[in-house]
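Please open the model in your viewer and keep the selection tool at hand.

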Amino acid sequence: MKSALLIDDDPIVRKVLSKALSTAGWTIHESKDGEEGIQAALQHHPTAVICDLLMPRCNGFQVCRALRERAGELTGLKIIVTTSRGFATDRLNAFESGADHYLVKPVLAEEILKLLEGTASTTAGLPHSAAPPNPAAQLPVGNLLRFWGVRGSIPTPGPNTVFYGGNTTCVELRADNQLIILDSGSGIRLLGQQLVEEFKERSLELTLLLTHTHWDHIQGFPFFAPAYIANNQVRIIGYEGYRKGLENTLAVQMESSYFPIGLRQLPSNISFIEQREMAFHVGPIRARAIFANHPSVCVGYRLDTSTGSVAFLPDHESYSRMRLHARAGGHQGQETFDYCRAEDQKLVEFLRDVDVLVLDSQYDETEYQTHVGWGHSCYEDSVGTALAAGAKRLFLFHHDPGHDDARISRMVGHAREMVASHQSKMVVEAAREGLTVALAKAGTV
Ligand SMILES: [Zn+2]
Ligand SMILES: [Zn+2]
């Protein structure tokens, strides 16, 4: 005996479908909301459930999941989800919840009958699979570093941040025919627009290096236009985070509760490399990573290109200064300080003689007192680290959301005095959006 359960809060929809299916020989049960529908399914054991997506008390996703959890009692059940909305992400979520078919209203009774009788081609399955790689991908040229987002923690647009910029972390590096993006904070949106404009119909191959997955370093990725173009290849490299894998962490911020398009729905070829080694190559560029002193798993990168070296540590707190403050907890004995000094020295060696150093300088010494253990440095420590390493050029980075342009300029002024007092030729600047640095040792373009 073939029977169908219609779950829909719209009585007209139920009436129309009920009549058509009855005429075709189906026994019909009806429910006006999801909760009632689940009970009816368990009572009547229908052959098929035709269920609206958005209903009072219990939505269609929940109905699908509840019925699939009782698969033992409801063997062979076919579930058709109907909806007045055609969003791709709803469709994906419906299939993941257990739907066999997904129809956008108005649905015709004949269409439902075809699905029920098994004569229609199936609509199940995940929409979209990534396009095949385009072997003719166009590689970028140039030897430069460009800042697209320099702010830490949260975007801070407004009249007081116009000069240095309010977007969160994103830096572009072009060298040795490679396009590398360092972190995907909100600044990556404008970079993406620029790349689409520049490359137009040509496909693009790029590498996104993630230092970590705190929100200010990944929040711009859903707005990265090249990820929406089928022939582009986006390779994402990072280290496994605190609890979830790299890919999963990026996917979570694009779940339908937070964003209308899922990560796996993006048309470009996106691949993930969860890096385990601390040294690897991006094309011919030697890349090295070092773990930063920052909550969760966070690294800094050093990239040695044929036209100069770049180091990028957007989030890092001095080990020694952190332990000097008793509130940071832990043992405070001499061996602790020796250990911290040794850890700081490891970073200095990692940065040895680097040409361009982009370093966390969120606070000043006074502010740091109330931010011990937050995972960020004061610029006085950044300058000290850069001088010790013999860096040629230092960019203060990860500006505090509470710092306006004037405040950052004052920090730069003092940082330069520090450098001068050490008789060093190191150049110090604060990173600002739009600033381009030539890697051929020719200075700012
Ligand atoms: Zn950050
Ligand atoms: Zn962070």
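Helices (H or I, at least four residues) and strands (E, at least two) are DSSP runs, numbered from the N terminus. Angles run from 0 to 180 degrees between N-to-C directions, and axes are lines fitted to C-alpha atoms, for helices over the stretch in contact. Two residues are in contact if their C-beta atoms, placed from the backbone, lie within 7 Å.

This is a predicted model, in which local features need pLDDT of at least 70 and side-chain atom pairs count only at pLDDT 80 or more, while totals for chains, interfaces and linings use all residues. Residues are numbered from 1 along each chain as its sequence is written, and chains are lettered from A and ligands numbered from 1 in the order in which they are written.

**The whole chain**

Along its principal axes, the C-alpha trace spans about 95 × 55 × 45 Å.

**The five-stranded sheet**

Next, select β1 to β5. These five strands form an open sheet in the order β2-β1-β3-β4-β5, with parallel pairing. Two strands pair if DSSP finds at least two bridges between them. Which strands stand at the edges? They are β2 (27-31) and β5 (101-104); each has a single partner strand, so one side of each is left without a neighbour in the sheet. From one strand to the next, the twist averages 20°.

Within this sheet, select residues 3-7 and 48-52. These are β1 and β3, which run parallel and are joined by four bridges. L6 has I50 in β3 as its bridge partner.

**Helices α1 and α5**

Two packed helices are described by the angle between their axes and the distance between the axes. Select α1 (residues 11-23) and α5 (residues 109-117): they pack at an angle of about 55°, with their axes 10 Å apart. That angle makes α1 oblique to α5. Angles under 35 degrees count as roughly parallel, over 145 as roughly antiparallel, 65 to 115 as roughly perpendicular and the rest as oblique.

The crossing of α1 past α5 is right-handed. A crossing is right-handed if the near helix is turned clockwise from the far one by less than a right angle, and left-handed if anticlockwise. Show the side chains of V16, L17, A20 and L21 in α1, which meet A109, I112 and L113 in α5. By class, this contact has seven nonpolar, no polar and no charged residues. Ala, Val, Leu, Ile, Met, Phe, Trp, Tyr, Cys and Pro count as nonpolar, Asp, Glu, Lys and Arg as charged, and the others, Gly among them, as polar.

**Helices α2 and α3**

Move to α2 (residues 34-44) and α3 (residues 60-69), whose axes come within 9 Å and cross at roughly 20°. The two helices are therefore roughly parallel to each other. Here too, α2 passes α3 in a right-handed crossing. G34, G37, I38 and A41 of α2 make the contact with G60, Q62, V63, A66 and L67 of α3. Five of these residues are nonpolar, four are polar and none is charged.

**The seven-stranded sheet**

Select β12 to β18 next. They form an open sheet of seven strands in the order β12-β13-β14-β15-β16-β17-β18, with mixed pairing. Its edge strands, β12 (279-282) and β18 (427-430), each pair on one side only. The twist averages 20° from one strand to the next.

- β12 and β13 (residues 285-291) run antiparallel and are joined by four bridges; F280 has A287 in β13 as its bridge partner.
- In the hairpin of β12 and β13, two residues lie between the strands, and G283 takes a positive phi near 60°.
- β13 and β14 (residues 299-305) pair in the antiparallel sense over six bridges; the partner of A287 in β14 is L303.
- β16 (residues 356-360) and β17 (residues 393-397) run parallel, joined by five bridges; L359 stands opposite L396 in β17.

**Helices α12 and α13**

For the last stop, select α12 (residues 379-389) and α13 (residues 405-421). They pack at an angle of about 35°, with their axes 10 Å apart, and α12 passes α13 in a right-handed crossing. Y379, V383 and L387 in α12 meet M411, A415, M418 and V419 in α13. This contact comprises seven nonpolar, no polar and no charged residues.
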